[in-house]
Amino acid sequence: MLTFHNVCSAPSSFQLLGIPGLESLQIWLSIPFGSMYLVAVVGNITILAVVRVERSLHQPMYYFLCMLAIIDLVLSTSTIPKLLGIFWFGAGNIGLDACLSQMFLIHCFATVESGIFLAMAFDRYVAICNPLRHTTVLTHSVVGRLGLAALLRGVLYIGPLPLIIRLRLPLYKTHIISHSYCEHMAVVTLACGDSRINNVYGLTIGFLVLILDSVAIAASYVMIFRAVMGLATPEARLKTLGTCGSHISAILIFYVPIAVSSLIHRFGHQVPPPIHTLLANFYLLIPPILNPIVYSVRTKQIRERIFQILKIGTKMK
């Protein structure tokens, strides 16, 4: 590590603290975090397996659900194993390049997930407002292109973040990050140089992703509700809205924790640091845990296939 003026240094690695302020409880915190990670992994792998073998689920909505499952696996796996390593073994050391890679994965795939929710809203809009054209508009190739577009958008939006840090902010006040993973602002606040570009760019991306995607999704649902209200009977309205229930639940599960965590991070200066870090971890864990549960409960084919798998497993025992 190179040091200048006994203040700033160019570290080759950082030290993650885990949950600052709760060090004495970290071994106990590993139990719920480890359990939640296991549930997330099993749940999302189950969704992928069920959609693959169940031909009736080979539809755009469930292809998008598989994309969500893969994204949730990436988000949870990019953070929780390292967090458990800190809890169990004190393995908080992380190389600079590994730290920037983790930062890219987290923010990139969170952006991709938002894009997939937007694509799912488009799918629901076409399915309800123009059902006769749904199969011709949302073909397999179009679904694949929408998924690829969401991925490319995530890479283009987030790719500059670690590059700007690498090129413009080589010196840091300390190599200790008071966080459980390399979150963008947690790293930038340690830099000695001018970090205004990082701050402005981060806020711009947050606006483009959270605000614009939310507005676009809300606009699609306004048109969906207008179409639903035009149906003849209350039963038909409820049945049609029921097809959107899982998507709306997943949207709230994704956006609400991110919005709360972002607001507290930027404006909640009176909130204790452990709460900041716990919320930041929960918003990466809650969607991977709840998305498979929501879709399993609300989708008959997924629910029945899971029951079949459980019955087969019971008989084999």
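The legends below describe close-up views of nonpolar cores and aromatic pairs in a predicted model.

**View 1. The largest nonpolar core of the predicted model.** This core holds 49 residues, and within the set Phe 64, Ile 116, Phe 117 and Ile 302 touch the most other members. Two or more residues each are given to the core by helices H1 (26–53), H2 (60–77), H4 (96–129), H6 (140–158), H9 (196–229), H10 (234–267), H11 (273–298) and H12 (300–316). The largest share, 11 residues, comes from H4.

**View 2. Surroundings of Ile 116.** When residues up to four places away in sequence are not counted, Ile 116 touches Phe 64, Met 67, Leu 68, Ile 71, Gly 147 and Ala 150. A second, separate core of 18 residues includes Ile 86, Met 103, Cys 182 and Val 187.

**View 3. The aromatic pair of Trp 88 and Phe 89.** The count of aromatic pairs comes to eight, and one of them, formed by Trp 88 and Phe 89, is edge-to-face, with 6.3 Å centre to centre and 75° between the planes. Trp 88 counts as partly exposed because its relative accessibility is 46%, whereas Phe 89, at 67% relative accessibility, counts as exposed.

**View 4. The aromatic pair of Phe 117 and Phe 254.** These two rings form a tilted pair, 5.3 Å centre to centre with 45° between the planes. The pair links distant parts of the chain, since Phe 117 lies in helix H4 and Phe 254 in helix H10, 137 residues apart. Both Phe 117 and Phe 254 are buried.

**View 5. An aromatic cluster.** Phe 33, Phe 87 and Phe 282 together form one aromatic cluster.

Technical notes:
Residues are numbered from 1 along each chain as its sequence is written. This is a predicted model: local features need pLDDT of at least 70, side-chain atom pairs count only at pLDDT 80 or more; totals for chains, interfaces and linings use all residues. Side-chain values use heavy atoms; hydrogens and water are left out. A nonpolar core is a set of buried Ala, Val, Leu, Ile, Met, Phe, Trp, Tyr and Cys residues joined through side-chain atoms within 4.5 Å. Buried means under 20% relative accessible area, exposed over 50%, partly exposed in between (1.4 Å probe, protein chains only). Helices (H or I, at least four residues) and strands (E, at least two) are DSSP runs, numbered from the N terminus. Contact means heavy atoms within 4.5 Å. Rings of Phe, Tyr and Trp (its six-membered ring) pair if their centres lie within 6.5 Å; planes under 30 degrees apart count as stacked, over 60 as edge-to-face and the rest as tilted.
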